[in-house]
Amino acid sequence: MSDPRFDLRVRAKALDAEDGLAVKRAEFVLDDTVYLDGNSLGALPAHVPERVADVVSRQWGRLRIRSWDESGWWTAPERIGDRIAPLVGAAPGQIVVGDSTSVNVFKALVAAVRLARGAGGGGEPDAGHGGRDGRDGRDGRDGRDGRDGRDGRDEIIVDATTFPTDGYIAESAARLTGCRLTPLAPAEVPAALSSRTAAVLLNHADYRTGRLHDLPGLTAAAHAAGALAVWDLCHTAGALPVGLDEHGVDLAVGCTYKYLNGGPGSPAYLYVREELQDRFDSPLPGWNSHAEPFGMRPGFEAADGALRGRVGTPDILSMLALEAALDVWDGVSVDAVRAKSLALTDFFLRCVEAYVPTGLVESLTPEAHAERGSQVALRCEGAGDVMGRLIERGVVGDFRAPDVLRFGFTPLYVSFADAERAARVLAEILES
Ligand SMILES: *Cc1c(COP(=O)(O)O)cnc(C)c1O
């Protein structure tokens, strides 16, 4: 009988040889570590340090304040938003970069409730969604926060399995807008939607299990009930096609330091669908979202377009590091990334099954491709300890409490040989 380890190593070699994205790996700073944590902090693209050095030494050091114009600092949030747009299926002019994901969740969710109540545009209901007509109790008053559901829209539904920060912020946004918060598993959302639901905050992929949620279906369900759909793309942007425009998503947020490799704490982004921009009423209006930021006027008047999502002075150093990092996507098709991601996770699961004695790990990752993000989550006893030993042996994933080993597969720089080695080392650790 042939040795499965030998067979799978040969197979990995063959898969790497026919991988069209394999050339991308050389564009990153990597060593012989198997890096399966790009869903937490993406690796450094090799050209970024030099670009950041130029921003610091020349743009800041020599041009100083002239750089706000001459180096394009002032318009960076929209410009870089337009670089991210094709990766998430958005036409230009709908994304701004800035602030953290947490802060953008707040802006998006409060603005969604205001939009659902018809605020910010003279109290007219949104003509964009047919389902809006059925709202009960509209009285045409302005959309002040804290009203007790006079519009009949006094509920926010939040993904109960969400990354904690989204849940904390949803709770505060609900309190601030006089909504009740209903935490539900995404699959339970359609049945729970009603004429009282203002907004739904969902994750495109579950950060713990890697389960991919049905963005088109859940968005359509929210719309049918007259509610707005807000999506968190932290675990899918840069890993698979999102199709924001195609699926009529209202608002979306995401971070840039995971699959987009923007660097630690790089700024997040906010998508506001074009038809909603006129009525997008930010709960954090700052001088950067003012129609005339340098008019220094006492009253706020919102700028046009996506830049209503800006707040204050952008974090230029991080933002321009991100802009440089996005160069690695030039000429890359997100469909090709998705195909490789699925092939990698399939292959890793196959290696785990072949190498790890039955019963020692349990995959939480959905078998069906349509339900799988770009990571594999394995439940395992003593997962914290096991991950510590994996890292010592050069296989870097992460541990999520209480018992999950999480392996992120970033198709731009992870190889099939990496997947095979990770499974082999895991089996050796679990057998010992
Ligand atoms: C990574 C992640 C965040 C991170 O939020 P920050 O404000 O950048 O700390 C938020 N939500 C989800 C779903 C995430 O995966």
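1. Two elements, α10 (334–355) and β9 (361–363), each give at least two residues to the lining of the largest pocket. Helices here are DSSP runs (H or I, at least four residues), strands are E runs of at least two, and both are numbered from the N terminus. With 5 residues, α10 provides the largest share of that lining. A pocket is an open set of points on a 1 Å grid over the protein atoms alone where a 1.4 Å probe fits, with protein on both sides within 12 Å along at least five of seven lines; lining residues have an atom within 4 Å of a point.

2. A word on what you are looking at: this is a predicted model, in which local features need pLDDT of at least 70 and side-chain atom pairs count only at pLDDT 80 or more, while totals for chains, interfaces and linings use all residues. Residues are numbered from 1 along each chain as its sequence is written, and side-chain values use heavy atoms, with hydrogens and water left out.

3. Back to the largest pocket, which holds about 260 Å³ of space; a volume is the space filled by probe spheres set on the points, which are joined across faces, edges and corners. Its lining has 16 residues, and L349, V352, E353, V361 and S363 lie nearest the centre. By class, the lining has 7 nonpolar, 3 polar and 6 charged residues. Here Ala, Val, Leu, Ile, Met, Phe, Trp, Tyr, Cys and Pro count as nonpolar, Asp, Glu, Lys and Arg as charged, and the others, Gly among them, as polar.

4. The second largest pocket has a volume of about 200 Å³. It is lined by 21 residues, with T101, C234, C255, Y257 and K258 closest to its centre. Elements giving two or more residues to this lining are α5 and α6. The lining has 8 nonpolar, 8 polar and 5 charged residues.

5. The ligand sits in the second largest pocket (more than half of its atoms lie within 2 Å of the grid points). Around the ligand (a heavy atom within 4 Å) are S100, T101, S102, F163, T165, D166, N203, D232, C234, H235, Y257 and K258. Both α5 (101–116) and α6 (164–177) supply at least two residues of this shell, which divides into 3 nonpolar, 6 polar and 3 charged residues.

6. Do look at the polar contacts (N or O pairs within 3.5 Å). Ligand oxygen atoms lie 2.6 Å from a side-chain N or O atom of S102, 2.6 Å from a polar side-chain atom of K258 and 3.0 Å from one of H235. The protein covers 86% of the 390 Å² of accessible area that the ligand has on its own (Shrake-Rupley method, 1.4 Å probe).

7. Two backbone details deserve a glance. Most residues other than glycine have a negative phi, and most peptide bonds are trans. D99, not a glycine, has a positive phi of about 60° and lies in the loop between β2 (95–97) and α5. The peptide bond from A401 to P402 is cis, with omega near 5°, and P402 is in the loop between β12 (398–400) and β13 (404–408).

Methods:
A polar contact is a pair of N or O atoms within 3.5 Å; within protein, one must be able to donate a hydrogen and the other to accept it, and residues adjacent in sequence count only if both atoms are side-chain atoms.
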